[in-house]
Amino acid sequence: MALAAVILAAGKGTRMKSRRPKVLHQVAGQPMVSYVLEAVREAGAQRVIVVTGYGHEAVASVVGELGGEVVVQEPQLGTAHALLQADRALAGFRGDVVVVCGDTPLLRAETLTRLVVQRRSSGAAATVLTAFVDDPRGYGRVVRDSSGRIVRIVEQTDGLPEELAIREINAGVFCFSTKGLFSALREISCENRQGEYYLTDILAVYIQSGRLITSYLAEDPAEIYGINDRRQLAEAERLIRLSVLNDLMDAGVTVVDPASTYIDRQVRIGSDTVLHPLTLIEGASVVGAECELGPGARLVNSRLGDRVSVQYSVVADSSIGDGSKVGPFAYLRPGCEIGAGVKIGDFVEIKKSAVGPGSKVPHLSYVGDAVIGKNVNVGAGTITCNYDGEKKWTTVIEDGAFIGSNTNLVAPVTVGRGAYIGAGSTIRRDVPPGALGVARSEQKNIPNWEILKKKRKKKEMKETT
Ligand code: UD1
Ligand code: CA
């Protein structure tokens, strides 16, 4: 049977106290709504419709990138009104519709699948996902009759004290048969404390017309956790982060200290890699096998080969080849392509540069807009002067070149294959392959300087006394 999903994501998320739409707040490096989108897809939804409203453009662009369809709810009159906006998009669609709120990023696809199976096997018009929680505050409570049948769902703001004591809550996730769904939504009124059209009121409409409602109880109440404020956002972050680390550990990655390791969900890491404390790996980073990351490593959208080590360093939008070592205290800015077996040492900043295999930039250097070949040695304190105040220029250092310490390479400039640069040089012209480039003033030695100095001092003392 066909399955569609509608994700409700039009609300502002007032309790977040944010200008950013709630569903775009990040959890473990991904917007909240993307988790829900992935879950419904994985559960088999062929069509995913996201209802947007507050911050429509921003939400629509994220949803579009993730391949979802967007319908706009304007103004936002409640969750029932939100779902009603999908009526036109689903015209002609026959099958099941799962409805999910955009603010429940922990919801798993398996649970959705079971919910759908439950509706189909029970033949109900609607099946609602419920959970038992210790602290039901903020959720709709599931009210049942003496025979255990669902009677209605009461919102926090509308509930009587005895209803608010109920610990079975509405997860905000439903499976509906499309048959009669939208006409039932139109019957819902907004006579409640918030003056909103509540989707939960569809149950009463169905019950009145004699249609069957069933429920499916979530095994793990953590899954239905809805994010309404920043505390809940932090809690979701903690839970998702832990599950990411657990998956990595199950796949053979060592996490020395899960409490201080932060890995975004998209990140891929090979087996036998060790993550030391204070390692942060963000975005779409890919790390190979047998790497040693941290203590103190931050990788952003970067790609590491196997056996790479990074400590106390930041690597952003760059790639590093097999067996290379970075840090301590290096900063690889966007656009670096570091080859295999490279050493990037302490207090080195590299930007938008290629460093060929086997090359070394061991200490105290700035390398920007450079193309460095194989087996090059860049001495301590080497600076590429890549910016003339208006434009950036390229420095080329060919294979096997040796750059003496404290060299300035004034770009555009090329140091040829196997060439040497004398320490302390400021190189403004190309150095041919195999040549020695030296650009510094000749050393002058003044003999007996110490004796001359003493004599002068004595003379001065006599004159002042
Ligand atoms: C809702 C449920 C509550 C349930 C809880 C689960 C209703 C009336 N209440 O409450 O029973 O326990 O979720 O987390 O359904 N939205 C729209 N348009 C609107 C209003 C809301 O798209 O006009 C979207 C929001 O963006 C959000 C979702 O619907 O993603 C839920 O809205 P929210 O205000 O968070 O509802 P809750 O009070 O949490
Ligand atoms: Ca909510």
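In this predicted model, the cover over the buried residues of helix α2 includes β3 (30-31), α1 (32-42), β4 (47-52) and β5 (69-72). Helix α2 itself spans residues 56-65. Its buried residues are Val-59, Ala-60, Val-62 and Val-63. Viewed down the axis of α2, these buried residues fall within an arc of 165 degrees, so they line one face of the helix. The other side of α2 carries Glu-57 and Glu-65, and both are exposed. Here, exposed stands for over 50% relative accessible area, and buried for under 20%. Gly-67 follows α2. The phi of Gly-67 is positive, near 80 degrees.

Tyr-312, Phe-329, Phe-347 and Leu-364 make a nonpolar surface patch. The area of this patch is about 430 Å². Of its members, Leu-364 is placed in strand β29, which covers residues 360-368.

At the level of the whole chain, the protein is divided into two parts. Domain 1 covers 3-224, and domain 2 covers 230-437. The C-alpha centres of domain 1 and domain 2 are 46 Å apart. The two domains are in contact: 14 residues of domain 1 meet 9 residues of domain 2. Contact here means heavy atoms within 4.5 Å. Helix α2, at residues 56-65, falls in the range of domain 1, 3-224. Leu-364 of the nonpolar patch falls in the range of domain 2, 230-437.

Note on methods:
Residues are numbered from 1 along each chain as its sequence is written. Chains are lettered from A and ligands numbered from 1 in the order in which they are written. This is a predicted model: local features need pLDDT of at least 70, side-chain atom pairs count only at pLDDT 80 or more; totals for chains, interfaces and linings use all residues. Side-chain values use heavy atoms; hydrogens and water are left out. Buried means under 20% relative accessible area, exposed over 50%, partly exposed in between (1.4 Å probe, protein chains only). Helices (H or I, at least four residues) and strands (E, at least two) are DSSP runs, numbered from the N terminus. The arc is that of the directions from the helix axis to the C-beta atoms. Patches are made of residues with over 30% relative accessible area and no salt bridge: like charges are joined within 9 Å, nonpolar side chains (Val, Leu, Ile, Met, Phe, Trp, Tyr) within 5 Å. Accessible areas come from the Shrake-Rupley method with a 1.4 Å probe; for residues, only the protein chains shown count as cover. A salt bridge is a side-chain nitrogen of Lys or Arg within 4 Å of a carboxyl oxygen of Asp or Glu. Domain bounds come from an automatic or database domain assignment.
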